[in-house]
Amino acid sequence: MIEARYHDSVNVLFDLCHQGEGACVSSPFDRAEWYSLLADTGLRPLIAIADDTDQHAALALTEENGHITPLRNWYSFTWRQLAPQGERGDRLLVEIARQLRTRGYRVTLEPVPEEDGSSERLAKAFSEAGWQVETRPCDLNHVLSVDGRSFAEYWAERPGKMRTTLKRKAKKVNVEVLEHFDEQVWIDYERIYSASWKPAEDQPGMLREFARAEGEAGRLRLGLAYHEGEAVAAQCWTVENHCAYIHKLAHLESHKKLSAGTTLSAALFEHVIDRDKVDLVDFGTGDQPYKADWMEQVRLRHRIDCLDPRQPRAWSALAKRKARAMTQMLAPREAQS
């Protein structure tokens with residue numbers, strides 16, 4: 001007998017994510033601690049859970065005016081279901097999706113990964129629960145599969161211009177990679193970020209607390225590059241489950257000619273490949289051209305937009321979706337005429 005329920009606190013996820021069932025937690029963004037940090041920023045959780053005897057599934061969500069979306073912000077590389085694999089887990093997800101029709105007229109899930117089957121699995125669950133589902137790509141994720149290479153082997157395959165830059169500029173900066181949180185180093189990081197080309201941080205306090213906790217757990221890789229004693233570039237990485245995540249990087253525009261960011265990135269890649277022995281490096285979302293120099297594969301992130309045809313508030317969006325589909329269907333015919 002499957003039972004579905006809702007919670008307005010992320011505390012319920014701590015038990016679920018630490019039960020070790022069905023690989024609920026596979027990245028930093030699946031952990032209950034991550035959702036707790038998000039809730040601390042002011043987001044209002046809507047945690048949808050389904051239970052079936054000894055198995056449980058959950059979706060960490062938030063809701064506003066009947067539109068249900070993931071509990072996430074721009075620091076989140078991905079968002080996905082917290083559910084065991086297999087048929088029983090799928091049934092739990094269908095029940096959650098069915099119950100959500102009593103809470104909202106629209107559910108929009110993003111950025112959902114496709115490589116682990118999450119986007120297909122969620123789209124199927126919501127479709128079986130009676131939602132009208134549309135799945136479309138919404139972002140790109142650049143990654144590096146190490147494939148057993150050493151850093152030297154990886155670096156030999158980088159673009160010649162990048163290798164030449166490192167050879168010419170590396171001696172002009174000193175690099176430090178910490179595996180623990182350091183208050184002064186983090187102050188330097190925030191100073192560099194605020195003076196860089198990067199947009200202003202939305203929730204810098206959240207990232208600081210995340211880095212602090214990751215440092216305590218031994219997962220943090222915090223890199224700084226110094227020129228004549230001044231910190232001029234900074235990067236925040238973490239390592240977990242044989243994967244390195246590049247969360248944030250920045251350098252001072254006033255010292256751009258030093259190419260300190262390239263030198264620091266190379267040091268961190270060497271650290272995670274040769275010392276941490278990771279299998280994958282994840283550069284997060286976004287299709288910035290410089291990522292292609294460091295990474296070798298691109299993965300899709302999907303938006304799964306679900307509308308409840310029983311509810312009048314969904315009809316306008318459903319009509320627009322149908323019109324868009326019709327236009328796309330007719331376009332090839334018009335091109336051939």
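## Burial and overall dimensions

Of the 337 residues in the protein, 51% are buried. The structure described here is a predicted model.

The radius of gyration is 22 Å, which agrees with the value near 20 Å that a compact globule of 337 residues would have. The C-alpha trace spans about 65 × 60 × 35 Å along the principal axes of the protein.

## Secondary structure and contacts

The protein contains 11 helices and 12 strands.

## Nonpolar cores

The largest nonpolar core comprises 97 residues. Within this core, the residues that touch the most other members are L13, L100, F126, F269 and V281. When residues up to four places away in sequence are not counted, L13 touches A32, Y35, I47, A58, A60 and L82.

Another core, of five residues, lies apart from the largest one. Its members include L307, A314, A317 and L318.

## Surface and charge

The accessible surface of the protein amounts to about 16100 Å². Carbon and sulfur atoms account for 49% of that area.

The side chains of the protein include 45 that are positive and 52 that are negative. The centres of these two sets of charges are 6 Å apart.

Key
Residues are numbered from 1 along each chain as its sequence is written. This is a predicted model: local features need pLDDT of at least 70, side-chain atom pairs count only at pLDDT 80 or more; totals for chains, interfaces and linings use all residues. Side-chain values use heavy atoms; hydrogens and water are left out. A nonpolar core is a set of buried Ala, Val, Leu, Ile, Met, Phe, Trp, Tyr and Cys residues joined through side-chain atoms within 4.5 Å. Buried means under 20% relative accessible area, exposed over 50%, partly exposed in between (1.4 Å probe, protein chains only). Contact means heavy atoms within 4.5 Å. Helices (H or I, at least four residues) and strands (E, at least two) are DSSP runs, numbered from the N terminus. The radius of gyration is taken over C-alpha atoms; the globule rule is 2.2 Å times the number of residues to the power 0.38. Accessible areas come from the Shrake-Rupley method with a 1.4 Å probe; for residues, only the protein chains shown count as cover. Lys and Arg count as positive and Asp and Glu as negative; His and the chain ends are not counted. The place of a charge is taken as NZ of Lys, CZ of Arg, CG of Asp or CD of Glu.
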